[in-house]
Each structure stands twice: as structure tokens, then as C-alpha cells.
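Here's a quick tour for anyone opening this structure for the very first time. Have a look at the sequence and the model, then read on.

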Amino acid sequence: MNSLKNLADRDWAANAIRRIETENNRSADTHLHAIPLPEHWGIELFLKDESTHRTGSLKHRLARSLFLFGLVNGWITEGTTIVEASSGSTAVSEAYFAQLLNLPFIAVMARTTSPEKVSLIEKFGGSCHFVDHASEVYAKAEDLARSTGGHYMDQFTYAERATDWRGNNNIAESIFEQLALEEHPIPEWVVVGAGTGGTSATIGRYLRYHRHRTALAVVDPENSAFYPGWADRSSSPTGKPSRIEGIGRARLEPSFVPDVIDHMIQVPDAGSIAAMRHLATLTGFHAGPSTGTNLWGVWQLMARMIADGRRGSIVSLMCDGGDRYACTYYDDKWLETQDLNPDRHSQVIERFFATGQWDDGAIR
């Protein structure tokens with residue numbers, strides 16, 4: 001009888017995988033935008049626009065990979081309740097795929113998560129379970145998975161192993177295919193943030209596997225544990241919950257792989273906001289705050305290239321759209337309640353664009 005049940009589970013999983021692959025086959029790749037810069041700098045900047053996924057963020061790729069990983073491992077079967085610990089974007093994307101497979105979905109998140117993200121999770125049929133402190137999400141998600149007989153997706157453990165770093169339509173392969181006809185098809189830098197660590201692990205491994213000389217820089221919000229953990233591999237630092245949704249963690253996550261990272265930059269939270277808003281002025285793209293974190297690092301690396309007289313390209317990610325943060329990071333009154341004033345950081349960016357030089361010493 002068990003063998004018959006196993007075969008029935010296999011049949012259901014095979015159909016579920018087909019549905020996920022069919023959904024992917026209907027989807028176009030995300031755009032790689034060229035960002036206007038002073039021509040005499042001799043540097044190109046490209047932003048991979050992950051906000052154009054069906055669920056509106058970079059986490060769409062991760063959610064797809066985590067569902068496929070759970071299915072091929074036999075962890076997700078017909079009727080399985082899917083549970084995730086997430087500050088929002090991963091939960092939005094997982095709710096979408098759970099709905100695609102007619103599975104219940106519960107997101108465990110801090111009460112401070114933006115209401116726009118909560119609304120999106122519920123729009124895709126998911127439910128939200130709130131905790132008072134971000135550090136509580138892991139244990140509560142495990143508890144809910146046990147009590148429902150469900151599966152805890154655990155993005156923070158499985159993100160780095162659920163995606164094939166050799167290629168097979170991962171984000172790194174997509175970036176290099178889209179750069180193929182550019183003046184500088186092999187970028188000097190790829191710049192990303194770390195939330196689970198999965199994206200940086202995938203890109204870092206891909207760069208090494210394909211023998212590209214591109215360096216990987218990871219940007220990290222203030223008070224996150226990732227930067228000190230990378231700087232001192234023998235340490236086990238404890239940080240604080242990040243004020244930049246989607247990136248930065250209070251602990252080193254299992255999916256964070258420091259040895260594939262060439263350089264890390266610690267970014268002030270107000271700098272992330274300033275860079276996010278500057279992007280809107282420069283290009284008309286309204287991105288979320290983690291994109292601002294990326295750009296604060298990009299501008300510093302670009303200033304180094306200018307100072308060294310190096311030409312080339314840099315690639316980073318537009319992680320999600322600004323519409324998810326209309327009531328938070330784009331609201332001056334909300335920023336004031338969070339003690340986040342981007343004015344001085346905006347001046348640093350403006351001076352950089354006027355001079356090609358980076359000087360943030362005055363705001364430290």
C-alpha cells in the first residue's frame with residue numbers, strides 16, 4: 001500500500017513540477033536596463049529589473065526554486081501546508097506558487113512588515129502570522145509547520161542549494177546572456193545585497209565556474225550580521241533586525257557563503273533611502289530600499305574605477321518596485337518616525353555625480 005501511495009505522490013509532484021515549469025515557460029526574462037551616466041566616465045551601469053516578475057521581486061526566482069526543491073525531495077505533496085519565515089517579498093512569491101498548486105500557505109513575519117506586502121500575500125491566497133520581534137520568525141514557522149503537518153520552506157537554509165549555480169536559467173546566466181552585445185560584456189563588478197545569502201552564493205559560484213574575472217560585491221545594511229561575519233570568518237556575530245526590508249539579518253544565515261564574496265560594503269540605512277530616491281530622479285524607476293542599498297555600493301565602486309582610470313561595466317539588481325513602500329520608505333513622515341533622514345546622504349550622491357569622487361566622511 002505504501003508503494004501505491006508513493007506512486008500517487010509521485011504523480012501529483014510530477015504534475016506540480018509541470019505546472020511550475022509551464023508558468024516559467026510563459027514568462028519572459030526580466031529587463032537589463034542601461035542607466036544613464038556621464039559619458040566621460042567611460043563606465044556602464046546595468047540594473048537587472050526583477051520587479052517585472054509576476055510577483056514583483058527578485059524572490060520570484062527563489063520561490064520557484066524552493067518549490068521545485070521541495071517537490072523533488074518529496075517534502076511537498078498534495079495538500080501540504082507551506083510555511084515560511086519571511087519579511088515579505090519571499091512570502092509574496094511563495095504565496096503565488098502555493099496558489100498555483102492549490103496548497104495552503106502561511107507567512108510568519110514581524111509586525112513591522114509593510115502593509116502593501118501583507119496585502120499581496122493575502123491577494124495570492126496566503127495568510128499572515130505576525131510576531132513581535134523578527135528573531136521569533138524561525139521558531140514560530142517551525143512550530144506552525146509541525147502543528148499543521150506542513151512543510152517549513154526555510155529559505156534561510158535552502159536558498160543557496162535550491163538554485164543550480166552552473167546555469168539552467170539562474171539570474172547570473174541571464175545577466176551574462178543579456179550583456180553579450182555590450183561594449184563591456186564581462187563586468188568589473190556584480191553588486192547584490194544579502195537577505196538569505198542565496199543570490200550572492202549563486203552568482204559567486206557561477207562566476208568561478210565559468211572562469212569570469214568579474215568580482216562580486218555584497219552590500220549589507222548597518223547592524224546586519226553578514227558584514228562582520230564576512231570580515232572575520234572565525235566570528236559568529238549577532239546583529240539587529242534590519243530596517244531595510246528584504247536584506248540584512250540579525251544572525252549569519254546558513255545560506256550565506258562568505259568565501260565566494262570578493263568585497264563587502266556596509267551601507268547606512270539612510271544612504272539606502274537616498275540612493276533609492278536618487279534612482280527615481282535619475283531614471284524614473286521607483287524601486288524599493290534594497291535597490292538603494294545596492295546603488296550606494298555601486299557608486300563607491302564606480303568612484304574607484306574613475307579614480308584608477310578604468311573603463312568597464314557594473315551590474316546590479318533592481319530587487320522590487322517602490323509601490324510596495326508607498327506608506328513607508330517613500331513617506332517622509334514615516335521616515336521621521338524611524339529616525340531615517342536621507343538628506344545628507346543625498347548630498348553625497350549629488351557630489352559624486354558632479355565630481356566623479358566619493359566622499360561620505362562628513363556623515364559618519
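This is a predicted model: local features need pLDDT of at least 70, side-chain atom pairs count only at pLDDT 80 or more; totals for chains, interfaces and linings use all residues.

Let's start in the strands: β3 and strand β4 (residues 105–110) run parallel to each other and are joined by four bridges.

**Strands and sheets**

- β3 and β4 belong to an open sheet of four strands, ordered β5-β4-β3-β6, with parallel pairing.
- At the edges of that sheet sit β5 (127–131) and β6 (151–152), each of which pairs on one side only.
- Elsewhere, strand β1 (residues 32–35) pairs with β2 in the antiparallel sense, over four bridges.
- Within that pairing, A34 stands opposite F46 in β2.
- β2 also runs parallel to strand β10 (residues 312–318), with seven bridges joining the two.
- To find one of those spots, look for D49, whose bridge partner in β10 is M318.
- How much of strand β2 (residues 43–49) is covered? Mostly, it is: six of its seven residues are buried.
- As background, strands of a sheet pair through backbone hydrogen bonds, and they can do so either parallel or antiparallel.

**Helix α4 and its neighbours**

- Helix α4 (residues 115–123) has E116, K117, V118 and I121 as buried residues.
- What do the buried residues of α4 pack against? Their partners are α3 (89–100), β4 and β5.
- An α-helix has 3.6 residues a turn, so residues three or four places apart point the same way.
- Just after α4 comes G125, which takes a positive phi of about 90 degrees.

**Aromatic rings**

- The count of aromatic pairs in this model comes to 20.
- One of them is W75 with Y158, a tilted pair at 5.3 Å centre to centre, with 50 degrees between the planes.
- W75 sits in the loop between α2 (59–72) and β3 (82–85) while Y158 is in helix α6 (residues 155–162), so this pair ties together parts that are 83 residues apart in sequence.
- W75 itself is partly exposed, at a relative accessible area of 34%.
- Another pair is Y96 with F97, and this one is edge-to-face: the centres are 5.1 Å apart and there are 80 degrees between the planes.
- Is Y96 buried or exposed? Y96 counts as buried, at 12% relative accessibility.
- F97 counts as buried too, at 0% relative accessibility.
- There's also an aromatic cluster to look for, formed by W41, W296, W299, F352, F353 and W358.

**Arginines over rings**

- R251 lies over the face of Y138, at 3.6 Å from the ring centre.
- R166 lies over the face of W165, at 5.4 Å from the ring centre.

**Around G70**

- G70 lies in helix α2.
- G70 is buried, with a relative accessible area of 1%.
- Leaving aside residues up to four places away in sequence, G70 touches W75 and I76.
- Y158, the ring partner of W75, turns up here again: its C-alpha atom is 9.7 Å from that of G70, although the two residues are 88 apart along the chain.

**Positive phi angles**

- Most residues other than glycine have a negative phi, which gives you some context for the next two residues.
- Which loop holds N223? N223 is in the one between β8 (215–221) and α9 (226–231).
- N223 isn't a glycine, yet its phi is positive, near 75 degrees.
- With 38% relative accessibility, N223 counts as partly exposed.
- D339 isn't a glycine either, and it has a positive phi of about 55 degrees.
- You'll find D339 in the loop between α12 (332–337) and α13 (343–355).
- D339 is exposed, with a relative accessible area of 68%.

Key
Residues are numbered from 1 along each chain as its sequence is written. Side-chain values use heavy atoms; hydrogens and water are left out. Rings of Phe, Tyr and Trp (its six-membered ring) pair if their centres lie within 6.5 Å; planes under 30 degrees apart count as stacked, over 60 as edge-to-face and the rest as tilted. Buried means under 20% relative accessible area, exposed over 50%, partly exposed in between (1.4 Å probe, protein chains only). A charge sits over a ring if NZ of Lys or CZ of Arg is within 6 Å of the ring centre and within 35 degrees of the ring normal. Two strands pair if DSSP finds at least two bridges between them. Contact means heavy atoms within 4.5 Å.
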